[in-house]
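Please open the model in your viewer and keep the selection tool at hand. The stops below say what to select next and what is to be found there.

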Amino acid sequence: MNGFSRRQVIVATLCFCLAVPASAARLMAQAPPPKEEFKFGKADLDLLEQVNLLDKRFEREGLVYADDATSAYLQRVGESLLPRDLNLEHVLWKFRALRDPVPNAFALPNGSVYVNTGLIALLDNESQLASILAHEITHVLNRHTYLQNRSNRKKILAINIINAVGAWNPVGGVAGLAIGVIAAVSPFILVSTIFGYSRDLEKEADLKGEDLMAAAEYPPEEMVKALTLLSNDVEGEQLKWFYNDHPQLKDRIAYVTTYLGSKANKTTAAAELKREKSAYLAKIETVSHHDIQLAINAARFRTAVYLSQKFVDFKPDSAENIFWLAESYRTLGARSPELKEKELTNSSKKDAARKRAKLTPEEEERELMATDVGQQNWKANRQKAEELYLKSLKLDNPVPMAHRGLGMLYEKSGRTKEGIDEYQKYLDLAPDALDRERIQRRLQTLKSSGS
Ligand SMILES: [Zn+2]
């Protein structure tokens with residue numbers, strides 16, 4: 001429909017609550033500030049019912065990352081930001097991770113705040129996580145979703161935006177799943193929670209968010225750093241051609257910095273920040289490994305390399321971290337690990353987006369493999385991957401999956417005998433693996449082709 005694919009739709013969800021199309025931003029800009037006390041009407045209660053349903057759908061579809069330690073951590077940081085003696089009608093604060101590798105976060109007006117695993121893994125410390133949560137909390141505190149929903153004109157506009165953006169048709173991968181679920185429940189909620197509110201409400205959420213951070217003794221300048229991390233376009237997909245008038249990250253960085261002014265706690269010592277980073281990365285290591293797998297599943301290979309490298313830098317002797325970096329390089333295949341300057345221009349991104357809309361990742365890979373550059377990349381990536389797999393197997397607590405990875409690498413490189421050995425080692429070392437049958441089939445195929 002309208003020639004927009006899932007991939008392009010996902011592009012628009014980047015950067016927490018960031019994007020609102022130009023016309024929408026203008027029309028939605030005049031939402032009034034919340035009244036002293038918010039009185040629930042029928043339309044509000046209907047919306048509440050829908051978002052409660054949405055929470056249930058996220059759980060039922062396995063989109064909520066079900067890890068007690070991660071949920072407890074998010075809950076603790078989120079609750080520490082809430083104003084004291086707060087009692088908001090129909091709000092139950094729940095901070096959870098959503099299994100989605102796209103760096104984004106959103107809040108439902110019932111107090112459910114979701115941070116995508118892709119954003120948790122991207123951030124460098126707890127203060128940055130707090131900045132994201134504080135922004136989302138403000139949308140709930142100030143009843144932004146309800147206010148936007150009360151205006152029929154804005155609601156119709158939301159539906160029109162959905163139509164303009166096209167079919168919500170996730171074609172595999174988890175990245176599109178959250179969007180698909182939300183769209184199925186309510187296109188309006190999709191627009192306000194994922195695409196973001198008007199510029200004014202987004203700005204309010206940023207600035208009030210900085211206040212909440214300061215009150216909870218988080219250095220508010222870390223919000224600037226979180227926004228800067230988000231503007232690091234690893235996948236070359238932050239397109240400006242469709243949403244060319246929403247608040248750009250650079251504008252947000254500018255006004256957030258200005259607002260900070262004297263409030264900025266510039267004395268946060270480097271040593272302290274480093275300590276905070278280590279503590280944070282230790283807490284999010286497990287969820288990040290999970291996210292790296294999701295990124296690979298969603299063909300976000302460069303992101304997988306970027307995040308895995310971050311964790312190898314953090315703990316260079318961790319067999320698991322090195323395994324994930326190996327896995328990322330192997331699946332990168334014929335692609336380059338990083339995009340070059342000229343691939344990050346708007347016109348190159350547009351071309352790449354068009355290509356992604358037309359080709360599956362497998363077709364894209366095949367096309368690249370047919371080129372010299374693709375062959376060179378594959379050679380460099382497979383050498384790197386092999387080196388890393390072998391290194392990870394020599395360290396303490398090696399991961400059996402490294403043998404599976406090597407098996408796949410050798411199979412793809414035509415090194416049949418070595419492939420057979422590695423698959424066999426994996427099956428021996430991981431008798432309960434979920435993909436056991438699949439690997440057994442690959443092993444059989446290799447054996448029969450080799451004999
Ligand atoms: Zn927002």
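**Charges over rings**

Begin by selecting Lys-412 together with Trp-378: the charged end of Lys-412 sits over the ring of Trp-378, 4.1 Å from the ring centre. A charge is taken to sit over a ring if NZ of Lys or CZ of Arg is within 6 Å of the ring centre and within 35 degrees of the ring normal. This is a predicted model, in which local features need pLDDT of at least 70 and side-chain atom pairs count only at pLDDT 80 or more, while totals for chains, interfaces and linings use all residues. For your selections, residues are numbered from 1 along each chain as its sequence is written, and side-chain values use heavy atoms, with hydrogens and water left out. Next, select Lys-203 and Tyr-255, where the lysine lies over the face of the tyrosine at 4.9 Å from the ring centre.

**The zinc site**

Now select the zinc ion, which His-135 (NE2), His-139 (NE2) and Glu-202 (OE) coordinate at 2.1 Å. Donors here are N, O and S atoms within 2.8 Å of the metal (3.2 Å for Na, K and Ca), and as water is not among the atoms, sites may look incomplete. Along the sequence, the spacing of the donor residues reads H-x3-H-x62-E. Colouring helix 6 (residues 126–141) shows both His-135 and His-139 within it, four residues apart, about one turn of the helix; helices (H or I, at least four residues) and strands (E, at least two) are DSSP runs, numbered from the N terminus. Both His-135 and His-139 are buried, a term that stands for under 20% relative accessible area, with exposed meaning over 50% and partly exposed in between (1.4 Å probe, protein chains only).

**Aromatic pairs**

The whole structure holds eleven aromatic pairs. Among them, select Phe-38 and Phe-40, an edge-to-face pair with 5.1 Å from centre to centre and 80° between the planes. Rings of Phe, Tyr and Trp (its six-membered ring) pair if their centres lie within 6.5 Å, and planes under 30 degrees apart count as stacked, over 60 as edge-to-face and the rest as tilted.

**Two loop residues**

Finally, select His-90, in the loop between helix 4 (68–81) and strand 1 (94–98), where phi is near 60°, a positive value in a residue other than glycine. Ala-299, in the loop between helix 14 (270–297) and helix 15 (301–314), likewise has a positive phi near 60°. Which of the terms, buried or exposed, applies to Ala-299? Ala-299 is buried, with a relative accessible area of 12%, whereas His-90, at 35% relative accessibility, counts as partly exposed.
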